[in-house]
Amino acid sequence: MSAKIFLLIICLFSGLALSQTTVSGIVTGSDRKALAGVNVILKDTYHGATTDLTGRFSFSTVATGHQTLQFLGEGYKPFSEQVMLTGQAINLNIRLTPEFNEIEGITLNSESITSLGNSTKTLLQPLDFSTTPGGEQQMTKTLGFLPGVQRVGDKDGMFVRGGTASETKIFINGNLVNNYFYNSVAGIPGRDRFNANIFKRSNFSRGAYSAAYGQAMSSILTLETLDFPEKTSANLMLLPFLYTAGYQQVNPKKTFSFGGEATLTEMNWFTKAMNYQTDFNTGPKSVHSDFNFSLKTKGGGILKYYGSYDQNRVEILSPDGNDNTLTISQKGNNTYHNLYYKKDFGRTKLTTGVALSFNHNNVGLHSGSDVSTKIQNKGSYVNFKTTLETKLSPNFLLNTGFEFQNTLENNHFSTFQNDDITTEYKNLLSAAFIESTWRATSKLFLTTGLRFENSTWLKKSDLAPRITLGYHLPDDWESFLSYGIFYQNPDSKYLSRQIPLNYQQADQYVLQIQKITADYNFRLEAFYKNYKNLLKTNLIGTEYLYDIQNATATSGTGCARGFELFWRDRKTFKTVDYWISYSYLDTKRDFLDYPALLFPTFASKHTLSVVAKKFFLPLKTQINLTYTFATGRPYYHIAMINGESVLREHGFLPDYNSLNMSINYVPFVGKRNPKNTSIFFLSISNLLGYKNVFDYNFLPSGQRLPVLPVVNTTIYVGAIFNFGIDRTKDILENDF
Amino acid sequence: MKKLLLTGILLLLGTFVIAQSKYETTMQQTLVGLKLDKTPLEFVATSQMFTRIGMAEKTQWLPFYYAALSQIEAGRSLMMKGETADLDQYADPAITSIKQAQALNGDPVELNLLIKMAYQLKMLVNPSARYMTDGQTSDTAFQKAKEAAPNNPRVVLLEAEDLYFMPTQFGGDKKQAMVLFAKAKELFKTFKPKSDLEPNWGESDADYFLSQSQK
């Protein structure tokens, strides 16, 4: 009997041994591309295989019955297939779909991202903003090496795709920054007020941007401040004319941080030493201080504050055409505060913030000892914005919000003839928006938005549609088609009295094709902007480079069209990172005091920029070169004759050329846990000494004076020191 | 009847015993396979075998440890040949496996050494852009391991390797490296892993470098 049982048991085992099932197949990804290195797993067993270079796999298993086969491929969504194992060979054809980080993937649309982060989509690193030659340690100037931005050296702001500087608005933590640039005098652009190192992310959308923003007919730059610094540190930046000292402290758990920075600018001796073309009586001087704190609340939200105060002044001398010297003196101060709160509830994200700004600028122009003209601007601005973003489903994102922008400006204008004009401008802009992003298929997504605005000054409302269609082409190419209407209030500086006006309007159509990988970045953008209801003005008078204009109607029109190419390569040449940016712009507009449709003074037909960086590892040195070429912008001499705007003189400025170089020495590279990370740099602007002209100043005497760059060629050395206070012992485990 | 019962119990025990060492046997077999792997795809296949073991066992950290180590070995084989462009492809799955091992309370010292190696591979893809981020992560992990276990032979081995390969401007020192390789060799002789499966690799690497000094 025991023998029978033994036989039975053997039969049972051999029976089991006989029912081995061979599982084979092929795994492909998008476009039937064979996927190698995919882990094929028979769930809860050790059995499985790795796909070979042809995507094929094969393995045998003694398991039987209903089983689950899992397919794990790097960069692809996990896939499960139910199988029935009976001993009969199974052959499978498996198609994996790419992993698509939903929120990031969806919102990575037509906004061109220049992010201070480590993602492959990053265009510029924080250090790029301090070390790119020709960028003058300013964010906006450094962004000028990207396509779409026009070279306008004598006015502050960013001129994008044929739009004026006021058509590009800048936002910090969602709220508008009314005075992003320092107060200055006409002809000398004010510097960026904000240092790139306080921001963790910057998005520069050069056209057809989201419904979450408005009041900018051309483009927007959105900046987000750091949540918490990496470590406690003290920093020092020294240039011959600028000194900055700062301190930032963060607790080990990164739940509370605070810090501040003070900057002193004193350029007088430097302007004399470098033979500045502008004659400074008192070189630009400024004092700037800022303070910030961040707090992680018990509920997991983050509260951030940033505030600054600065004062600046300058006095320049200019010939007035009658053998006299005109003295232009400027004095200004500004305080800015931004308080922001954000909380992530998982599916929903809430953000809310308020920004306050108080700005004062006084400019006086006089010949001799009498003050002949005084221009005083006072502005107080309060902005509030709140947004709620919800992921309603893995493929559907909804973003809504509302905001208020309250402006109160007082302008005082007096001339030697004792004209004394005081104007007041008050406007409360209320806006609400709703935007949905729907991922229709793994390749196609659609973003539609609607933005509503109401302006108390215009006593009108507007409703603007925004739409973007995104399609992922094979081989990592992406394409976007966008359309939107962008409304903007006329600039307050022309509105001395209440007259019936309309919102200015730009209808934009943008096509974008791009491929972004860690090593290469190619982008082609084509755009068409149709302008309506642009502000028309009467030219009242001209003082130095100040045109005093009064609004008459919003009846101007214009159009801008063109295309841009961008190519960045980090791989072909070892240790060399370079990019080439080309912009073609064809634009005409009839606005302000233009007597007809003219090619505007702030646009160039062709702009080419080349930026190249090479890092010499053994020398710990990086050499950067930037070159910009732009075809000459037009200049116009417009005068009012018998109440009519007349073009007296016009022409083209010489082509703009500038080759800039900087050398950075980075001694801490390769050091283990460096205590201090210092960078020493030498910067040369306009190395070849091109004589660039930015505009012409037409004097009453009939003479015309060129408006030259403040300095033609400049060279300076600088150092940035950063002392980290070592708290590695306080860092918790697994914090990478 | 008694015989039947006995046979039955023995069979039952037998299957139980077989199941117990199935994990150990498979791990041993796969570890042997790891030593023989040469091409990146072979290392990846070994890594994925370890992953399958880890996913089936659910409570063991060692399979995920070796899954990460296999990917890192794939990366290192390319790195030795100077092919640094695609190292993310091996470093990233290694990091995922390390995290899985950490979640199962794996040995922090050995895992920190893997973190050091994985992030070092990532940094090598683009040193000038990544030394501040991946380079720092790699260094911090190594410092933690060194502080916790300065006499772990792999700690000494990896420090020696860094000194050996780094250019002198960055603190490289071939002489000191050789001293440390010798020290590592000594430590390997006396190191006792907690079990047959616990990390014990590296002695052959130390031998290799020590043989180089004879040249």
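Student: Which residue lies over the face of Y164(B), and at what distance from the ring centre?
Tutor: That is K174(B), at 4.8 Å from the centre of the Y164(B) ring; please keep in mind throughout that this is a predicted model.

Student: Where else in chain B does a charged end sit over a ring?
Tutor: The charged end of R154(B) is placed over the ring of W201(B), 5.9 Å from the centre of that ring.

Student: OK, now rings with rings. How many aromatic pairs are there over all chains?
Tutor: There are 50 of them in the structure, counted over all chains. One of these is the pair of F71(A) and F79(A), which is tilted, with 6.3 Å from centre to centre and 50° between the planes. Another aromatic pair is made by Y164(B) and F181(B), and this one is edge-to-face, with the centres 6.1 Å apart and an angle of 70° between the planes.

Student: What does the pair of Y164(B) and F181(B) tie together?
Tutor: Y164(B) belongs to helix α7 (residues 153-165) of chain B and F181(B) to helix α8 (residues 174-190) of chain B, so the pair links parts that are 17 residues apart in sequence.

Student: And are those two buried or exposed?
Tutor: Y164(B) counts as buried because its relative accessibility is 14%, where the cut-off for buried is under 20%. F181(B) is also buried, at 0% relative accessibility.

Student: What about helix α3 of chain B, how far apart are its end C-alpha atoms?
Tutor: They are 26 Å apart, which agrees with the 27 Å that the 19 residues of this helix (residues 62-80) should span at 1.5 Å a residue. The helix α3(B) is also mostly covered, since 15 of its 19 residues are buried.

Student: Which residue takes a positive phi just after α3(B)?
Tutor: That is G82(B), with a phi of about 85°.

How values were computed: Residues are numbered from 1 along each chain as its sequence is written. Chains are lettered from A and ligands numbered from 1 in the order in which they are written. This is a predicted model: local features need pLDDT of at least 70, side-chain atom pairs count only at pLDDT 80 or more; totals for chains, interfaces and linings use all residues. Side-chain values use heavy atoms; hydrogens and water are left out. Helices (H or I, at least four residues) and strands (E, at least two) are DSSP runs, numbered from the N terminus. The expected span of a helix is 1.5 Å times one less than its number of residues. Buried means under 20% relative accessible area, exposed over 50%, partly exposed in between (1.4 Å probe, protein chains only). Rings of Phe, Tyr and Trp (its six-membered ring) pair if their centres lie within 6.5 Å; planes under 30 degrees apart count as stacked, over 60 as edge-to-face and the rest as tilted. A charge sits over a ring if NZ of Lys or CZ of Arg is within 6 Å of the ring centre and within 35 degrees of the ring normal.
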